[in-house]
Amino acid sequence: MTTSIPSVRPARRHLATELPGPRSTAFEERRRAAVARGVGSALPVYAAAAEPGLLHDVDGNALIDLASGLGVTAVGNAAPRVVDAVREQAGLFTHTCFLTSPYAGYVEVCEELSSLTPGTHAKRSVLLSTGAEAVENAVKVARAATGRSAVVVLDHAYHGRTNLALGMTAKNAPFKQGFGPFAPDIHRIPTSYPYRDPDGMTGEQAAERALEALERQVGGENVAAVVVEPVQGEGGFIVPAPGFLPALARWCREHGALFVADEIQSGFCRTGAWFACEHEDVVPDLVITAKALAGGLPLSAVTGRAEVMDAVQLGGFGGTYGGNPVACAAALAAIDVMRTHQLADRARAIGDALTARLNTLAERHPAVGEVRGRGAMVGVEIVEPGGKRPDPGLAQRLAKACQARGVLLLTAGTHGNVLRFLPPLVIPAPLLTDAVDVIEECCAELMG
Ligand code: PLP
């Protein structure tokens with residue numbers, strides 16, 4: 001027993017102490033002696049309990065959650081349906097290893113993935129535990145299915161922190177610094193970044209620029225897969241210009257390469273559709289999912305065309321924990337919540353409310369360079385007034401000021417200058433309004 005849950009839990013933002021409070025500070029001291037320095041925390045406030053849109057800490061503070069544990073708790077933290085499913089499954093069996101003794105939950109999650117991911121073709125899935133692990137397995141599938149080895153990724157990409165995934169991730173510090181060499185035959189091409197691309201550049205033109213680099217540097221006949229985030233997350237919540245994703249997918253079809261959508265952050269209703277690719281009617285050969293899939297438990301998947309997935313030989317996939325039965329039960333419950341409560345619609349409503357308020361900030365403060373996003377995946381790029389030079393210092397100060405007032409707002413972006421909004425899709429409207437009021441206050445205080 002390391003902590004107790006505060007007995008009074010107001011369903012609103014509430015500060016009982018300065019943040020971090022004394023009990024969090026005591027844990028932080030113990031942490032310094034026990035936890036490796038390389039593990040960071042955006043705000044050293046120790047969690048005790050959670051409810052839709054609110055995190056309660058060990059000092060009795062209640063913070064509005066605009067992070068969803070990095071985009072995971074879309075259905076809410078400790079969502080009752082998920083908790084019940086976890087309890088029930090844990091009471092039956094917690095683990096067998098699907099490679100040893102299979103169970104229905106694994107099959108049922110794969111059936112859901114077949115029916116929910118874009119495209120009506122026959123599909124197969126493999127379940128893993130983390131996003132990075134799923135990315136690695138998608139690369140295995142692409143290489144096995146095409147007999148080629150080159151993997152093409154985009155500028156500003158984030159695909160995880162295992163060695164292959166780090167090679168695919170764009171940003172050096174802190175993710176990659178000192179950890180090389182990375183896996184070979186990974187090639188980076190320009191993305192579509194409407195705010196920073198030349199004025200008027202269309203998605204098709206951005207794709208032409210990317211594909212010209214690809215053909216020149218790699219050669220189309222060598223490409224196993226082009227792996228893209230349909231909305232780039234960690235890289236800065238970058239929504240590509242319309243036409244960019246379809247052009248890349250078309251090129252893949254014409255050149256016998258797989259178009260792989262990393263929907264780890266953008267999938268499962270976050271952007272106002274089950275999957276972000278749907279906004280442009282793109283049907284990927286492989287879809288990678290994780291995060292929101294299992295409502296807070298570790299589960300990830302690769303789903304793809306049956307013939308492509310089945311290019312991997314029997315025994316070619318595996319892992320002790322992949323598709324853990326408790327995580328599968330949580331996923332089935334989380335998917336049911338998303339479906340029953342139409343969370344894609346909720347994501348669109350949250351996105352509309354957020355961007356309307358944030359756009360008024362952009363009108364008032366020249367340091368707010370752009371408000372962008374899809375659904376409830378919204379980013380605000382902070383720049384030096386009068387130009388577009390990134391201002392990560394100001395973005396950090398804004399995030400810290402919000403955190404000090406009890407709003408858990410994080411930053412993202414290759415330059416660290418993007419405020420990222422990833423609220424749970426069940427956040428009550430008054431909490432969202434309160435959070436934006438706080439952001440307005442902080443903007444007024446720090447930007448005049
Ligand atoms: N891909 C994308 C788009 C992500 O956003 C993330 C995590 O943030 C990953 C891959 C890696 O997932 P994980 O941290 O579960 O390994």
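Reply: Strand S12 (residues 377-382) and S11 pair in the antiparallel sense, with 6 bridges between them. Strands here are DSSP runs of E of at least two residues, helices are runs of H or I of at least four residues, and both are numbered from the N terminus; two strands count as paired if DSSP finds at least two bridges between them. This is a predicted model, in which local features need pLDDT of at least 70 and side-chain atom pairs count only at pLDDT 80 or more, while totals for chains, interfaces and linings use all residues. Residues are numbered from 1 along each chain as its sequence is written, and side-chain values use heavy atoms, leaving out hydrogens and water.

Within this pairing, Val368 stands opposite Ile382 of S12. The two strands belong to an open sheet of 4 strands, ordered S11-S12-S15-S14 and paired antiparallel. Its edges are strand S11 (368-374) and strand S14 (410-412), each of which pairs on one side only. From one strand to the next, the twist averages 30°, where axes are lines fitted to C-alpha atoms (for helices, over the stretch in contact) and angles run from 0 to 180 degrees between N-to-C directions.

Antiparallel pairing also joins strand S1 (residues 47-51) to S2, over 4 bridges, and here Glu51 stands opposite Leu54 in S2. The hairpin of S1 and S2 has 2 residues between the strands, and in it Gly53 takes a positive phi near 80°. On to the next partner: S2 runs antiparallel to strand S3 (residues 62-65), joined by 3 bridges, with His56 opposite Ala62 in S3. These two strands form a hairpin with 4 residues between them, and Gly60 in the turn has a positive phi of about 90°.

His56 itself lies in strand S2 (residues 54-57), and it counts as buried because its relative accessibility is 3% (buried means under 20% relative accessible area, exposed over 50%, and partly exposed in between, with a 1.4 Å probe and protein chains only). Its side chain makes a polar contact with the side chain of Glu51 at 2.7 Å; such a contact is a pair of N or O atoms within 3.5 Å, and within protein one must be able to donate a hydrogen and the other to accept it, while residues adjacent in sequence count only if both atoms are side-chain atoms.

For the helices, helix H4 (residues 104-116) packs against helix H10 (residues 325-340) at an angle of about 35°, with their axes 8 Å apart.
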